[in-house]
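I opened my notebook to record what I looked up in this structure. The entries follow in the order I made them.

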Amino acid sequence: MLAGQIDPGSLRPMREVLIRQRLDCKGRRIAQLSRAVFSTDDAMISYQSVQPRLARWQPIKQNDPVYALVCGHS
């Protein structure tokens, strides 16, 4: 995350964004399960989540470093 980013909804400075994803190595796809945005002093700005069975799967981009690290492929 780049320093000085502002959350457009609350206009507060963003300190950290935590994303939980599910990765399908065989199917070469990824789904975001949750996203939490925090400001200074660990104040939560927003939180979104979806049940795994309702997750929207997206194809993995070519040369994705996370896919390579987790799945051992490029």
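**Entry 1: Arg-28.** Arg-28 is partly exposed, because its relative accessible area is 25%; buried means under 20%, exposed means over 50%, and partly exposed is in between (1.4 Å probe, protein chains only). I found Arg-28 in the loop between strand S1 (16-24) and strand S2 (29-38). Strands here are DSSP runs of E with at least two residues, helices are runs of H or I with at least four residues, and both are numbered from the N terminus. I also noted the phi of Arg-28, which is near 50°, a positive value in a residue other than glycine.

**Entry 2: ground rules.** Residues are numbered from 1 along each chain as its sequence is written, and side-chain values use heavy atoms, with hydrogens and water left out. The model is predicted, so local features need pLDDT of at least 70 and side-chain atom pairs count only at pLDDT 80 or more, while totals for chains, interfaces and linings use all residues; pLDDT is the predictor's confidence in each residue, from 0 to 100.

**Entry 3: confidence.** I read a mean pLDDT of 87 for the protein, with 93% of its residues at 70 or more. Which element has the lowest confidence, and which the highest? The lowest is helix H1 (residues 65-71), at a mean of 90, and the highest is strand S4 (residues 57-59), at 97. I kept one caution: where pLDDT is low, the predicted coordinates should not be read in detail.

**Entry 4: the loop between S4 and H1.** I looked up Gln-62, which is found in this loop. Gln-62 is exposed because its relative accessible area is 63%. Asn-63 lies in the loop between S4 and H1 too, and it is exposed because its relative accessible area is 58%. Asn-63 has a positive phi of about 60° although it is not a glycine. I then checked Gln-62 against Arg-28: they are 34 residues apart in sequence and 9.9 Å apart in space, C-alpha to C-alpha.

**Entry 5: salt bridges.** How many salt bridges does the structure hold? I found 2 salt bridges, each defined as a side-chain nitrogen of Lys or Arg within 4 Å of a carboxyl oxygen of Asp or Glu. One joins the side chains of Asp-24 and Arg-29, at 2.7 Å from N to O. Asp-24 is partly exposed because its relative accessible area is 22%, and Arg-29 is partly exposed because its value is 32%. Another joins the side chains of Arg-15 and Glu-16, at 3.3 Å from N to O. Arg-15 counts as partly exposed because its relative accessibility is 38%, and Glu-16 counts as partly exposed because its relative accessibility is 29%.

**Entry 6: Met-44.** I found Met-44 in strand S3 (residues 44-49). Met-44 is partly exposed, with a relative accessible area of 45%. Met-44 and Glu-16 are 28 residues apart in sequence and 9.5 Å apart in space, C-alpha to C-alpha.

**Entry 7: a charge over a ring.** I looked up Arg-29 again: its charged end sits over the ring of Trp-57, 4.0 Å from the ring's centre. This counts if NZ of Lys or CZ of Arg is within 6 Å of the ring centre and within 35 degrees of the ring normal.

**Entry 8: helix H1.** I found Val-70 in helix H1. Val-70 counts as exposed because its relative accessibility is 53%.
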